[in-house]
Structure formats: C-alpha cells, structure tokens
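Open the model in your viewer and keep the selection tool at hand. The tour below goes stop by stop.

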Amino acid sequence: MRNLLIILTLFTSFSISSCKGQLDNEVKNISVEEMQSLLKMDEVQLVDVRTPKEYNSGYIAKSKNIDYMASDFDEAIKVLNKELPVILYCRSGRRSADGSIKLVKAGFVQVYNLEGGILQWEKEGAEITK
C-alpha cells in the first residue's frame, strides 16, 4: 500500500509539472528586435499589462493597456481576438510573462512576451509615446 501511495504521488507530481511545461512552451519570449518585426504586421495586438499610472508615464505606440494586477484582468482580455497574435509587455517582463500564461489558458493561439519589458525596449533605443 505504501509503495502504491509513493507511485501515485510521483505520477501526480510529474503530471502537474508536465502540464506547466507544455503551457510555458506555448508562450514565446521575444527580443526587442523580434517584437519590432512582429509589429510590422497589421493584425498584431500589443498589450501593456502595467498599471494605468505606469502606462500614462510612457508606453509603446499602438499598445492597449490591460492592467495585469486589476481584479478584472481575465474579463478585460476578452476584448482581444484569440486567433490573432498578441504581444504582452510590462516594466521588466515578469507580469507580462504571467499574463501570457493566462492568455494561453484562455485559448489564445499566438502569445508573445517581450523579454526585459519596456525597460529593455528603451535601453535598445526604441521609441516611447508619452
């Protein structure tokens, strides 16, 4: 009985980690250069997941602000088209990485996360709208 319990515990742990691994594989982390190429496509949806205060201090042109920390984030992303590519960014890349996973769970098919966030965007000399 004890051996069966150990086997079930190991199987459950493996299954949970495998699902998370599959989910992470569906989010593509991209560089500033890759993002600039993607933004040349007309149907890319660009989402800034920072707070409205952060967004108003400077943002990437054509981005839509959907605050990841807001209680209605899951509802707010419903305005996006699940079939079109979505790029998320935040200040440094952490919130957008977490938000990207939520989009994949919600059924979005092409989800990208800007590595380093808007800080990296600015560091590489890309333009910010204020």
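Exposed means a relative accessible area over 50%, and buried means one under 20%. Bear in mind throughout that this is a predicted model.

Start with lysine 62, in the loop between α3 and β3. Its relative accessibility is 82%, so lysine 62 counts as exposed. Check the backbone too: phi is positive at about 70 degrees, although lysine 62 is not a glycine. Most residues other than glycine have a negative phi.

Next, select the lining of the largest pocket, which includes Lys62. By class, the lining has seven nonpolar residues, one polar and four charged. The volume of this pocket is about 270 Å³.

Move to arginine 50, in the loop that runs between β2 (45–48) and α3 (52–56). Is arginine 50 buried or exposed? Its relative accessible area is 5%, so arginine 50 is buried. Show side chains here: arginine 50 and aspartate 48 are joined by a polar contact of 2.7 Å.

Finish at aspartate 67, in the loop between β3 (63–65) and α4 (73–76). Aspartate 67 is also buried, yet has no salt bridge. Which side chain of opposite charge is nearest to aspartate 67? It is that of arginine 95, 5.3 Å away; a salt bridge would need a side-chain nitrogen within 4 Å of a carboxyl oxygen. Now display the backbone of methionine 69: its nitrogen lies 2.9 Å from a polar atom of the aspartate 67 side chain.

How values were computed
Residues numbered from 1 in each chain as written. Predicted model: local features only at pLDDT ≥ 70, side-chain atom pairs only at ≥ 80, totals over all residues. Heavy atoms only, no water. 1 Å grid on protein atoms, 1.4 Å probe; cavity = no way out; pocket = protein on both sides within 12 Å on 5 of 7 lines; lining within 4 Å. Points joined across faces, edges and corners; volume = space filled by probe spheres on them. Nonpolar A, V, L, I, M, F, W, Y, C, P; charged D, E, K, R; others polar. Helix = DSSP H or I, 4+ residues; strand = E, 2+ residues; numbered from the N terminus. Buried < 20%, exposed > 50% of the residue type's maximum accessible area, 1.4 Å probe, protein only. Lys, Arg positive; Asp, Glu negative; His and termini not counted. Polar contact = N/O pair within 3.5 Å; in protein donor to acceptor, adjacent residues only side chain to side chain.
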